[in-house]
Amino acid sequence: MRVLVIVVAALATLGLAAFGVVAAQKVSGQGSPLSIAQRTNSTAPAAADEVAAAPAAAPLQAPIAASSIAEPAPAAVPAPIHLAAAQNVPGQNTPGASLANATPSGKADNGIPACDKPGGMGLSRIVQIDTTGGPAFGFEHFKQYDFLSDHEVVLTFDDGPWPQNTPAVIKALTDQCLKATFFEIGEHATWHPELSKIVAAAGMTIGSHTWSHKDLARNPYASDIEQAKQEIELGVSAVHRAVGGPIAPFFRFPDLQQPPVLLAYLASRNIATFSTDIDSFDFKMHRPEQVIESVMSKLKKRGKGIVLMHDFKPATAAALPELLRQLKANGFKIVHMVPKAPVTTLAKYDDMLRQEDKMDATNTRPESSVVKTISGN
Ligand SMILES: [Zn+2]
């Protein structure tokens with residue numbers, strides 16, 4: 001079962017239609033690709049929007065957030081319908097899905113590697129996101145793509161990588177054979193590239209969250225798109241370099257402030273924007289119990305969703321083992337998002353980062369030769 005959700009976005013400008021397409025595609029290697037209609041009849045009911053999008057043979061005028069159509073999707077898309085190619089092995093061509101390759105012999109029937117941890121929760125589904133044309137997700141702001149079924153949860157973590165807390169989050173997830181998406185801050189990744197590499201090595205999906213967590217809806221960014229682009233692109237380049245390999249074309253705006261002109265820019269870069277379905281507000285919390293209560297109560301109310309948390313926060317890291325236990329006990333299932341293709345960095349900003357390096361690296365003398373205790377103990 002490889003193609004689960006095919007959603008077609010019609011991006012219309014001035015009567016000339018250019019079409020952006022997203023396939024949030026189930027990558028799980030079970031039998032032949034299923035049509036949406038088939039999926040609807042299967043055990044996992046499709047969400048209403050998916051059913052509405054079912055007649056994939058006909059061009060759809062799917063609604064799209066007005067803010068994301070300021071620029072047409074790349075005109076290279078040849079036809080209104082683009083079915084992503086089915087893949088034989090989950091994640092084989094997919095950065096972020098290294099789990100599929102990690103235990104090639106240990107796959108369960110659904111194509112997801114069997115969990116080797118006793119009682120481990122394990123992933124229920126892996127969805128591949130085609131970021132062509134910059135689709136936007138997260139019902140708090142974008143209501144076009146509703147790819148989760150009831151009780152399905154996507155875990156996302158912002159503002160890392162950060163010592164102690166990020167490794168604790170990775171451990172909690174790994175102990176349950178789970179994967180999540182991390183929106184890293186470029187500057188943080190520059191400070192702790194070894195942590196970005198740990199996140200990647202654990203098979204997590206890594207996107208970016210700007211260079212230094214600026215609110216891009218405010219000045220100077222609101223009035224100067226070049227500065228805003230730089231804040232976005234330096235983040236992409238820095239996280240990419242910290243990981244030392246491919247990262248996802250997934251982006252989240254700081255404070256979920258999403259200026260339409262920048263959504264259009266991201267669309268032109270084929271980078272998907274992620275708002276959230278459920279904001280834990282864990283950044284305001286100091287006790288793990290508060291984080292657990294916040295996420296569980298909102299999930300029980302909404303039934304499913306992309307959950308926003310912060311691996312930067314100690315309370316969240318401490319909460320995660322118990323939160324995952326409660327998710328499992330309440331019948332929630334974890335879905336992992338992987339990109340169809342990695343992000344492409346821009347040379348201009350890669351170079352800018354290298355310039356920063358040089359400034360730091362001018363002096364290479366070791367600390368012991370620079371700083372010496374000359375009196376006292
Ligand atoms: Zn943030």
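Trainee: Which side chain of opposite charge is nearest to D159, and how far away is it?
Mentor: R252, at 7.9 Å. D159 is buried yet has no salt bridge. Bear in mind that this is a predicted model.

Trainee: Why does D159 count as buried?
Mentor: Because its relative accessibility is 9%, and the cut-off for buried is under 20%.

Trainee: OK, and what does D159 coordinate?
Mentor: The zinc ion, through OD.

Trainee: What spacing do the donors follow along the chain?
Mentor: D-x49-H-x3-H. D159 and H209 are 50 residues apart and link distant parts of the chain. D159 sits in the loop between β5 (152-158) and α4 (165-175), while H209 sits in the loop between β7 (205-208) and α7 (225-243).

Trainee: Is H209 buried or exposed?
Mentor: Buried, because its relative accessibility is 1%.

Trainee: Back to D159. Which side chains does its side chain make polar contacts with?
Mentor: One is the side chain of H209, at 2.9 Å. Another is the side chain of H213, at 3.2 Å.

Trainee: What else is D159 in contact with, leaving aside neighbours within four places in sequence?
Mentor: Besides H209 and H213, the list has F183, I185, H188, H310, D311 and F312.

Technical notes: Residues numbered from 1 in each chain as written. Predicted model: local features only at pLDDT ≥ 70, side-chain atom pairs only at ≥ 80, totals over all residues. Heavy atoms only, no water. Donors = N, O, S within 2.8 Å, 3.2 Å for Na, K, Ca; no water. Helix = DSSP H or I, 4+ residues; strand = E, 2+ residues; numbered from the N terminus. Buried < 20%, exposed > 50% of the residue type's maximum accessible area, 1.4 Å probe, protein only. Lys, Arg positive; Asp, Glu negative; His and termini not counted. Salt bridge = Lys/Arg side-chain N within 4 Å of Asp/Glu carboxyl O. Polar contact = N/O pair within 3.5 Å; in protein donor to acceptor, adjacent residues only side chain to side chain. Contact = heavy atoms within 4.5 Å.
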